[in-house]
Amino acid sequence: MKIGFIGTGVMGSSLVKHLLDHEHEVSIFTRTAKKAESLVKAGAFLVDSPQQVANNCELIFTMVGYPADVEEVYFGERGLLGNAKKGTILVDLTTSQPQLAQRIFEAATLKGLHALDAPVSGGDIGAKNGVLSIMVGGEKEIFKKISPVFNLFGENIVFQGPAGSGQHTKMCNQINIASTMIGVCESLIYAEKAGLDPERVLRSISSGAAGSWSLSNLAPKMINEDFRPGFYIKHFIKDMKIAAEEAENWGLDLPGLRLSLSMYEKVAAQGHEEQGTQALVEYYRS
């Protein structure tokens, strides 16, 4: 297939590599061309606007930072909705606002296009290994049609329902992680204060009832003070704010989410917003 990919950051670049490895023709757009050099060497075609991606491709993935970026890529003057050919399938992998996903779907339908919201979970590790969880909203028939492509970089791929359902499911995911990260940090800080070997403690608790992806994959980084981003704190704050706004609209009180958001905002203000979410442990060490 002729596939487009907009946004080749920490995770997006790995997904493009999977597409290239399976001999798809991939056109890419990124605001920082230098980040795409390795992909171009691997066979991707670098273009200079979303419009050019839309002109060349029948299936287009987007994976950008914030809802404002999604809005620009889809609704901007040189965006996808105004330039894609009839029948093109647009898939937003960004974690974004459910209402924006619904707007994109409605606008796409009016133009004879198809749109899915398909946020992912699994971080840079899941992207590199091709085992992401993918949560999909939109038309079920379109989901089925491109499932073979999803399978190239995802392992747990679930159709959730109509447009916006993928984004709502991702909010459930982020709400769960928000409180889990507090528990991971506090267990390690407790272990340190008790004079225990944190790595040995992890061997005991990570495979028991306390086990989680965050404990297995991020706690070792906390111990080694490795805060390189697999998923940026600034983006996690964005996600939690979206979830908090949705909950507030429903009159739903989620104290665990609010606490985690306030803690991450404090850590970001200390200069850690460009680091990985595991840097939350610095909240306790500062």
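On a 1 Å grid over the protein atoms alone, a cavity is a set of points where a 1.4 Å probe fits but cannot get out. Grid points are joined across faces, edges and corners, and a volume is the space filled by probe spheres set on the points. This is a predicted model, where local features need pLDDT of at least 70, side-chain atom pairs count only at pLDDT 80 or more, and totals for chains, interfaces and linings use all residues. Residues are numbered from 1 along each chain as its sequence is written, and side-chain values use heavy atoms, without hydrogens or water.

The structure has one cavity of 30 Å³ or more. The largest cavity has a volume of about 70 Å³. Its lining (residues with an atom within 4 Å of a point) includes Tyr74, Leu90, Asp92, Phe105 and Ala163. Strand E5 (89-92), helix H5 (98-110) and strand E6 (114-117) each give at least two lining residues.

## Two helices crossing

How do H8 and H12 meet? The axes of helix H8 (residues 165-193) and helix H12 (residues 233-249) come within 9 Å and cross at roughly 110°. H8 and H12 are therefore roughly perpendicular (65 to 115 degrees) to each other.

In this contact (heavy atoms within 4.5 Å), H8 uses His168, Met171, Gln174, Ile175, Ile177 and Ala178, while H12 brings Phe236, Asp239, Met240, Ile242, Ala243 and Glu246.

Definitions and conventions: Axes fitted to C-alpha atoms, helices over the stretch in contact; angles between N-to-C directions. Helix = DSSP H or I, 4+ residues; strand = E, 2+ residues; numbered from the N terminus. Parallel < 35°, antiparallel > 145°, perpendicular 65-115°, else oblique. 1 Å grid on protein atoms, 1.4 Å probe; cavity = no way out; pocket = protein on both sides within 12 Å on 5 of 7 lines; lining within 4 Å.
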